[in-house]
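Take a look at the model below.

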Amino acid sequence: MTATRDAFMRRLEQGAYRLLLLAYPRRFRSRYGAELISAFRDQRRETRYATPLVGAVRFWFDLTRDLAVTATRRRWSAFRVRPAGSSNRAGRPEKRERYVESFAHDLRHAVRSLRRNPGFTLVAVMTIALGIGANTAIFSVVSGVLLEPLPFDDPDRVVLMWSENRNRDIEDDLMTYHDLEAWREESELFTGFSASVHWGLTLRTSESTLDVRTMLVSANLFDVLGAQPLLGRTFRPDEEVEGRHRVAVISEGFWQRQFGGDTAAVGSTIVLDGEPFSLVGVMPSGFMFPDGGREMWVPLAESYLFSKATRMYPIVGRMRADVSLAAGEEELSVISARLAAVYPESHVGWTVRAENMLDLVVGDSRRLLVLLQSAVGLVLLIVCANVASLVLARTTARKHDIAVRIALGAGRGRLVRQMLTESLVLAGLGGGIGIVLAVVSLDPILALAPSGLPRMDQIGIDGSILAFALGLSVLTGFVFGTAPAFQFSRSHPADAIKDEGWRSTGGFRRGRVRNAIVVVEHALAVMLLVGAGLLVRTVIELNDVDPGFAKENVLSATIYLQDDKYETAQQQRSYYDAVMDRIAQHDGIVAVGATNAMPLHPVAQSFSRQFVIPGKTDPEDEAVRAGFRIVTPGYFSAVGISRLAGRDLTRADRADAPHVLLINQALAERYWPNENPVGQRVLYGWGGTRDAEVIGVVGNVRHAGLRETPAPEMYVPFAQVTICGCLTLVVRTATEATAFVGPLGEMILEIDRTQPAYRIDTMDQLLGGQVALERFVMILVGMFAGVALLLAGIGIYGVMSYTVNQSTHELGIRTALGADRRTVVGLVLRRGLMVTALGTATGLIGALVFGRTISSVMYEVSTTDATTYAVILGLSVLAGGIASYLPARRAARVDPIMALRAEQ
């Protein structure tokens with residue numbers, strides 16, 4: 001846990017212990033309270049560091065047990081030495097003593113009562129355990145991802161800046177280096193800023209060469225974030241200067257893998273891209289910037305700056321205390337707006353949006369995890385309704401006994417306390433088993449979770465999760481125990497004694513409270529089923545989306561060329577040509593190409609460029625932009641992008657040949673809706689304005705994600721760009737692509753043993769990652785919905801079984817008067833289906849509201865999707881029908897003679 005969370009948990013536990021000390025007499029607390037708290041801190045510190053989870057449970061169990069014994073003795077001693085003739089104030093201990101004795105009596109009574117009914121106790125406890133366990137397990141995921149603070153000092157003050165341009169309809173773009181310099185000089189609401197950029201550096205050792213996932217960062221990054229190293233130090237301010245920048249900080253995971261956890265690695269020299277770097281520090285495993293996938297951080301020196309005016313730098317800042325996000329955002333926008341006079345091409349029309357760092361790290365997983373927690377919360381409500389129905393039925397059987405006790409003078413408040421105590425004992429037992437279920441089920445749940453789920457290393461069962469489970473158990477006990485307790489405490493003893501009502505002929509007309517509980521239970525299950533159905537439809541729709549490229553038998557391998565070996569464009573072209581020629585010679589390779597922006601790839605370098613179509617667009621209109629993709633001949637065939645018109649790139653489209661490009665269907669339809677764009681001219685910027693001929697039109701590709709609408713794009717030949725050291729190779733195979741992962745890496749190394757592939761992925765993996773989180777939530781919500789439907793069915797079955805049992809006399813009379821088995825079955829079925837219909841109708845109405853709350857996670861599915869509602873309606877009626885039919889069959893077999901004789 002982070003230091004912030006440790007401090008919070010210490011304060012929480014000390015507060016809980018202070019509450020427990022209230023069990024002691026006041027004089028004892030005044031005299032020994034400070035010593036007890038000090039001893040508590042020392043003992044808790046030992047258990048915290050020895051065995052965090054087991055030690056915590058055992059510590060609190062022993063502490064509570066010992067305190068209960070000693071506090072009772074102290075209070076009894078204080079009571080015995082009370083002076084004679086004491087005032088009312090002195091009599092308070094006696095009153096409190098009576099309360100303690102009363103509670104102890106209620107507790108013993110509850111335990112005896114539950115032991116006498118093992119079947120009821122087992123069903124109720126396991127039902128509660130299911131609800132508590134599911135909620136605790138899911139809350140541990142939600143807490144670790146969404147609630148656990150980032151491992152920084154005052155993480156709420158760390159924000160990331162995005163640029164927006166409404167004139168160009170651009171959102172969430174990166175910042176320029178000019179912004180960083182201006183903010184550092186002029187900002188008064190921030191204490192510091194740091195820029196960064198993704199990079200790839202090659203680490204050379206005596207045994208191998210590997211690409212390292214690197215971030216180039218301003219030297220003050222770790223100070224801005226408030227992060228401390230595990231070993232060594234972070235960067236000094238002067239190490240951002242060219243010539244002094246050859247220092248590196250690595251992650252703990254990379255340190256363990258590459259250096260075996262040897263502390264001597266700090267201070268050693270490593271070779272990155274042929275240059276010596278000093279390894280100065282190791283960051284702890286909990287540190288992440290911008291995500292958990294970075295392995296190395298290197299100062300962002302002048303030689304790494306592509307352009308100070310290019311929007312390619314994420315900038316993170318730390319706000320001063322008591323500064324709101326809106327105020328900081330406004331100040332930065334004002335400063336950046338002043339830059340428009342100095343740099344009009346890069347700053348006119350641009351504004352700044354600030355975002356909390358945690359929101360960036362969590363991303364889209366927030367809404368899906370909140371949905372998951374809401375779904376499992378509905379399951380807990382269903383559990384409460386189910387157990388309330390069981391308790392109500394059991395209490396009904398004790399109605400005569402309760403009425404007699406009321407008639408003999410038992411207070412209604414005492415009866416309510418006694419029944420609530422029994423409910424709390426059930427909830428406590430269920431909560432304890434639920435915690436065990438949560439611990440056991442957490443690993444399988446995480447095994448289902450996608451690899452892209454952020455902050456998975458923060459997920460676990462700790463003290464705060466145990467406190468959540470404990471609080472949830474107590475709340476659950478009150479929820480399902482309140483209704484039965486208050487209903488039967490208000491019953492009139494004369495009515496209960498005069499009419500034992502449960503075996504009268506009014507069995508089918510009674511039980512409105514039980515029926516209402518089951519209706520609510522069934523309605524919640526229907527709501528959850530509709531939500532699960534809408535998620536299933538969403539995943540189906542996402543899987544059916546045409547991404548614009550082939551899904552099977554495609555591999556990608558990203559390569560970062562070393563700056564010291566491939567400095568010129570010609571050297572880069574020669575290397576990539578040699579690699580692709582080598583791959584094309586391998587048996588089983590159908591096509592090979594390369595691009596700077598592989599669809600859906602996590603390290604794709606995607607840029608947009610302004611362009612001009614002579615006679616169609618205004619050269620001054622900066623909103624006329626398109627995605628800029630660099631490709632090689634063979635790329636479209638390798639990735640499976642269809643060509644709609646014109647021709648493909650060839651080796652003849654060299655650097656000294658006329659400039660050409662291809663466009664996608666979206667761009668063609670926007671600017672040439674009724675024309676053939678092939679042969680038209682387009683002017684675009686890349687190191688100056690270039691006049692290129694459109695030689696072909698290709699299909700639309702969803703580069704940014706399956707949910708994104710394809711945007712206008714242009715494809716230019718790699719041979720005609722100035723320089724591009726990072727490309728992703730795309731290989732189409734004749735058979736399963738995974739079989740070529742190893743050979744592809746070896747073929748790349750054959751050209752240059754010091755130039756490995758950064759990462760190799762299959763297209764199936766990239767596509768699977770697009771819906772992995774939705775699929776994860778869908779599976780869990782579907783499982784919970786199935787459990788909810790089962791519990792709702794059990795609730796209907798229980799109510800109808802109880803009604804049949806208590807209506808034996810009525811059924812016997814009906815049968816004796818000539819009612820056949822079909823009539824009796826129909827009578828019970830109608831009652832059960834009426835409850836089912838009310839619950840289903842209520843649930844479908846509630847689902848309309850629930851559907852709107854999850855509309856943000858749905859794709860191409862209406863919240864009132866007719867297919868989903870029809871399927872859920874059928875499932876609901878079927879479950880209710882089955883649950884009602886089983887008691888109905890038993891009712892039809894009632895022997896009228898035996899039934900009437902039993903009532904005498």
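His522 counts as buried, at 1% relative accessibility. The model is a predicted one. His522 sits in helix α17, which spans residues 512-544.

Which residues does His522 touch, leaving aside its neighbours within four places in sequence? The contacts are Ala792, Ile796, Thr836, Gly839, Thr840 and Ser876. Take Thr836 from that list. His522 and Thr836 are 314 residues apart in sequence, but their C-alpha atoms are 7.0 Å apart in space. Thr840 is also on the list. The side chains of His522 and Thr840 make a polar contact at 3.5 Å.

Now turn to Thr733. This residue lies in strand β21, residues 726-733. Is Thr733 buried or exposed? Its relative accessible area is 3%, and the cut-off for buried is under 20%, so Thr733 is buried. Not counting residues up to four places away in sequence, Thr733 touches Asn553, Gly588, Ile589, Val590 and Phe740.

The table puts the two residues side by side.

| Residue | Element | Relative accessibility | Polar pair and distance |
|---|---|---|---|
| His522 | α17 (residues 512-544) | 1% | side chain of Thr840, 3.5 Å |

Next comes the helix pair. Two packed helices are described by the angle between their axes and the distance between the axes. Helix α6 covers residues 177-186, and helix α9 covers residues 325-338. Their axes come within 10 Å and cross at roughly 120°. That angle makes α6 oblique to α9. The crossing of α6 past α9 is right-handed.

Which residues meet there? From α6 come Asp179, Ala182, Trp183 and Glu186. From α9 come Glu331, Leu332, Ile335, Ser336 and Arg338. By type, the residues of this contact divide into four nonpolar, one polar and four charged.

Helix α6 has other partners too. Its buried residues are Tyr177, His178, Asp179, Leu180, Ala182 and Trp183. These buried residues pack against α9 and α10 (344-347). They also pack against the strands β1 (158-165), β3 (190-204), β10 (315-319) and β11 (351-356). Asp179, Ala182 and Trp183 are buried, and these residues also take part in the contact with α9.

Notes. Residues are numbered from 1 along each chain as its sequence is written. This is a predicted model: local features need pLDDT of at least 70, side-chain atom pairs count only at pLDDT 80 or more; totals for chains, interfaces and linings use all residues. Side-chain values use heavy atoms; hydrogens and water are left out. Axes are lines fitted to C-alpha atoms, for helices over the stretch in contact, and angles run from 0 to 180 degrees between N-to-C directions. Helices (H or I, at least four residues) and strands (E, at least two) are DSSP runs, numbered from the N terminus. Angles under 35 degrees count as roughly parallel, over 145 as roughly antiparallel, 65 to 115 as roughly perpendicular and the rest as oblique. A crossing is left-handed if the near helix is turned anticlockwise from the far one by less than a right angle, and right-handed if clockwise. Contact means heavy atoms within 4.5 Å. Ala, Val, Leu, Ile, Met, Phe, Trp, Tyr, Cys and Pro count as nonpolar, Asp, Glu, Lys and Arg as charged, and the others, Gly among them, as polar. Buried means under 20% relative accessible area, exposed over 50%, partly exposed in between (1.4 Å probe, protein chains only). A polar contact is a pair of N or O atoms within 3.5 Å; within protein, one must be able to donate a hydrogen and the other to accept it, and residues adjacent in sequence count only if both atoms are side-chain atoms.
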